[in-house]
Amino acid sequence: MRLTRAQARARNREALIAAAVVEMGATGYAAARLEDIAERAEVTTGAIYSIFGSKSALLAAVLKQLNAEFFDATADLENPELSLTQVLSGIGVAWFRAATAPLAREQFAFEAELLATALRDPSVSALLDETTGEAGHARLTRLLTDRATSDDPAAPRTTDDQAQHLALVITGAVTGLAQQVQLVPDTLTEDDFVRSTLALGSLLR
């Protein structure tokens with residue numbers, strides 16, 4: 001069945017984002033050539049300019065897509081009836097599954113290369129913060145805010161300030177755990193991630 005123009009554009013967009021993750025992870029953002037990304041995606045270089053407009057816009061699209069995928073994986077945690085314990089457990093599960101997904105190693109390489117670039121290039125650092133850092137922190141903070149801290153109906157609920165602090169700590173901890181899974185496979189389990197995020201709940205202040 002022949003694709004419509006809109007369907008073909010959407011397919012090419014998806015293919016280019018996937019190809020950019022692999023190519024930028026292999027060579028770094030600065031060294032990655034649009035021609036090589038296009039070749040991986042089996043499209044023309046012109047398609048990149050037509051769909052995204054520039055290399056930096058392609059990078060922004062990649063970051064937004066990766067963020068959206070993680071948001072989808074934690075969508076069930078938005079349920080306001082869930083306790084802090086349930087949300088923390090769900091975050092641990094989501095991070096473990098992301099860290100052990102079929103293309104997790106390529107994504108890890110992409111993120112590592114991008115972080116190195118961001119440390120040297122203020123424009124990439126700003127883009128990373130805008131598309132991933134701020135959005136990811138805000139989402140995690142929302143998931144952790146106004147959660148019952150125990151099964152007691154009278155238990156206090158987490159404040160926005162507490163959630164903001166906890167979100168920062170969790171991001172740092174689970175990022176490290178995810179890196180460990182990539183560098184030394186099969187050393188950590190889903191239960192390790194869950195127990196770690198639950199333990200971090202004790203850091204509420």
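User: How many salt bridges does the structure hold?
Analyst: The structure holds seven salt bridges, each being a side-chain nitrogen of Lys or Arg within 4 Å of a carboxyl oxygen of Asp or Glu. This is a predicted model, where local features need pLDDT of at least 70, side-chain atom pairs count only at pLDDT 80 or more, and totals for chains, interfaces and linings use all residues. Residues are numbered from 1 along each chain as its sequence is written, and side-chain values use heavy atoms, with hydrogens and water left out.

User: Which residue forms a salt bridge with Asp146?
Analyst: Arg157 does, with the closest N and O atoms 2.9 Å apart. Both lie in the loop between α7 (122–144) and α8, so the pair ties together parts that are eleven residues apart in sequence. Helices here are DSSP runs (H or I, at least four residues), numbered from the N terminus.

User: What about Asp192?
Analyst: Asp192 forms a salt bridge with Arg195, closest N and O atoms 2.9 Å apart. Salt bridges that share partners join Asp191, Asp192 and Arg195 into one network.

User: Now helices. How do the axes of α5 and α8 cross?
Analyst: At roughly 30°, and the axes come within 9 Å. The two helices are therefore roughly parallel, the term for angles under 35 degrees. Axes are lines fitted to C-alpha atoms over the stretch in contact, with angles from 0 to 180 degrees between N-to-C directions.

Notes:
Parallel < 35°, antiparallel > 145°, perpendicular 65-115°, else oblique.
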